[in-house]
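Subject: Structure handover

Hello,

Here is the structure we talked about. Please open it alongside this email and follow the notes below.

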Amino acid sequence: MAVIGIDLGTTNSLAAVYRNGEAVLIPNALSEPLTPSVVNVDEEGMIWTGAPARERQLLHPEDSASSFKRFMGTGRSFSLRDKNFTPQELSALILKRLKEEAEQYLGEPVEEAVISVPAYFNDNQRKATKDAGILAGLKVERLINEPSAAALAVCQIQNVEEASYLVFDFGGGTLDVSVVDCFENVVEIAAVSGDNHLGGNDFDLKIAESFCEKHGFVFREMDALKQVALLKAAEKAKCELTQNSAALYKAELDGEEYGMFLTNQELVSVGKDIFERIFEVVKRALKDSHRTIDDIDEVILAGGSSKMPVVALYLEEILEKKPVVVGSPDYIVALGAGYYAGIKERNEEIKDVLLTDICPFTLGTDIINPRDRSRPLMSPIIERNSVLPTSKCGYFMNAYDGQKNVKLGIYQGESYYCDENIKLGEINMEILPRPRGQVHLEVRFTYDINGILEVEVYDRLKEERVVTVLTGGSGRLSEEELKERLAEMKKLKTQPIGGERVRLVMARGERLFKELTGSEREIAAMGLKRLNEALSTQNDQLINHVRKEISDLFDNLEAGS
Ligand code: ADP
Ligand code: MG
């Protein structure tokens, strides 16, 4: 029974497996390693996932969901046509697809997966990810932090036993920078830092905005479908710049065709703010890990946006160290999950490793703000980036003469003021009335790898202990709900494997038909007609032949030739 590793990404997902002494990527039914994390429901209630779903999203944004990873572990739901989905269910649809494709590729059943999650995911988000696995029919015993996965993969691929890495993971909408140490089969995160709203999408937006501005339009004033089309064209030009020194950005504005040449130099100037934000995140990761760049053996590039030459150059400039690419930034996290899957399969060639978790945020209590009593201040007890499990103590005294009650708020966050942090709970206790400073309270926070926080307050004078356990339960499914959802999931009609190539070309044709006008539109219609005719013959060979031909035709249409 195979165990696979899955990088369940905000933008793209992919799977890997450990075979013959190394982790290898599992191609999807389109023979590509990356599967867009997009779900779409069509007119007939059929569920689409991956590249065809992303294609349909351009035309039917309201019937599609993407970036749902952002909402894992929250109560948010997505309504696609007449159906409602939780982020767990949408993720499950992607996972199920990857599982089925892996089974087909490996020729054996896949029952278990190791799924990677951002290091800063809290307990709710982690449990939601496990629930998604269950809903997809997968056993998920272990999750692996994305930067740990990247580091593990690099150690395994380069056959290194001991190293410190700075993992720079720049995806579609998030930037995660981590310092990870590997030693004696331990993979330990020293610090994580990030920006939850910074990624390749921001470049697309900046490019599209500057394109509109150049031609006297305002991006924000365009209708939603136009914006989507402009962003897609911007992304295409951006990706071309990975290989070429210039790219042509072409799009229609107000019925007229406009063009703009984009170079890497221009990318640097439109992305000025983006680079400044990258700098902040990198600086904080190093600082929080108490390292300087000289302590780092290698800077590892991960995530699709790390492929941008301007990003790698910028990193080299600020760090004075050349970042390395091991395999491809797109695959390194999935490969790490694949190595860990190999460990879970108990492959003999690969030694077990211990993965440690960290607490990505600071936990503390409130204390009186002498200048403004209505705004208590945060007193940190467990600092962010502590390795788990951890247990730390804070010492407090009564604040005024004769105080009889202590109300201790428990907070999570980095802000100086408690009201800007997240309140997790509260402990109320009675103390003996004494002059100020004579009642001593010992507050112990214990945070374990399951994200359970235990707070213990010990009153030395009364020799009394009060203990509270905080598990943070919102957005989770109960056992009952999980069973119900599982039954619901089984009823959903999903696209069978096979035929996705044709479906992708069809969806693309439908989009082109809507986007184009005049003779180009007629060509798109002709292509769709040929495809439909071929499909009705049910002759696979013919379908395949026509599909290739029409796909080329659409390529030409999109290239604008
Ligand atoms: P996530 O981890 O969020 O799922 P990915 O690591 O798959 O995301 O990265 C997706 C992002 O990478 C997108 O913004 C995409 O435009 C960008 N990207 C992918 N390939 C390239 C490329 N060749 N050049 C520039 N950007 C790229
Ligand atoms: Mg990623």
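Two residues are said to be in contact when heavy atoms of theirs lie within 4.5 Å. With that cut-off, and leaving aside its neighbours within four places in sequence, Leu166 is in contact with Val177, Ser178, Val179, Leu286, Ile296, Glu298, Val299, Ile300 and Leu319. Please keep in mind that this is a predicted model.

The nonpolar cores

Leu166 is one of the residues with the most contacts inside the largest nonpolar core, along with Phe168, Phe170, Leu230, Tyr249 and Ile278. That core has 45 residues. Which helix gives the largest share of this core? H8 does, with seven residues. Another core, of 40 residues, lies apart from it and includes Ile47, Phe68, Phe78 and Ala102. As background, nonpolar side chains in soluble globular proteins tend to be buried together.

Helices H8 and H9

Helix H8 covers residues 272-288 and helix H9 covers residues 309-319. They pack with their axes 11 Å apart, at an angle of about 50°. Because of that angle, H8 is oblique to H9. The crossing of the two helices is right-handed. On the H8 side, the residues that meet H9 are Phe275, Glu276, Ile278, Phe279, Val282 and Leu286. Their partners in H9 are Val310, Val311, Tyr314, Leu315, Ile318 and Leu319. By class, this contact of H8 with H9 has 11 nonpolar residues, no polar ones and one charged.

Helices H5 and H6

H5 brings Gly200, Phe203, Asp204, Leu205, Ile207, Ala208, Phe211 and Cys212 to the contact, while H6 brings Leu230, Leu231, Ala234, Glu235 and Lys238. The residues of the contact of H5 with H6 divide into nine nonpolar, one polar and three charged.

Ser306 sits in the loop between strand E17 (298-302) and H9. Is Ser306 buried or exposed? Its relative accessibility is 3%, so Ser306 counts as buried. Beyond its neighbours within four places in sequence, Ser306 is in contact with Phe168, Phe170, Leu301, Val311 and Pro329.

Pro329 lies in the loop between H9 and helix H10 (332-344). Pro329 is also buried, because its relative accessible area is 7%. Outside the four places on either side in sequence, the contacts of Pro329 are with Leu301, Ala302, Gly303, Ser306 and Lys307. Pro329 and Leu453 are 124 residues apart in sequence, and their C-alpha atoms are 35 Å apart in space.

Pro433 is in the loop between strand E25 (422-430) and strand E26 (440-447). With a relative accessible area of 43%, Pro433 is partly exposed. Not counting residues up to four places away in sequence, Pro433 touches Gly402, Gln403 and Lys404. How far apart in space are Pro433 and Gly402, C-alpha to C-alpha? The distance is 4.1 Å, although the two are 31 residues apart in sequence.

Regards

Conventions
Residues are numbered from 1 along each chain as its sequence is written. Chains are lettered from A and ligands numbered from 1 in the order in which they are written. This is a predicted model: local features need pLDDT of at least 70, side-chain atom pairs count only at pLDDT 80 or more; totals for chains, interfaces and linings use all residues. Side-chain values use heavy atoms; hydrogens and water are left out. Axes are lines fitted to C-alpha atoms, for helices over the stretch in contact, and angles run from 0 to 180 degrees between N-to-C directions. Helices (H or I, at least four residues) and strands (E, at least two) are DSSP runs, numbered from the N terminus. Angles under 35 degrees count as roughly parallel, over 145 as roughly antiparallel, 65 to 115 as roughly perpendicular and the rest as oblique. A crossing is left-handed if the near helix is turned anticlockwise from the far one by less than a right angle, and right-handed if clockwise. Ala, Val, Leu, Ile, Met, Phe, Trp, Tyr, Cys and Pro count as nonpolar, Asp, Glu, Lys and Arg as charged, and the others, Gly among them, as polar. A nonpolar core is a set of buried Ala, Val, Leu, Ile, Met, Phe, Trp, Tyr and Cys residues joined through side-chain atoms within 4.5 Å. Buried means under 20% relative accessible area, exposed over 50%, partly exposed in between (1.4 Å probe, protein chains only).
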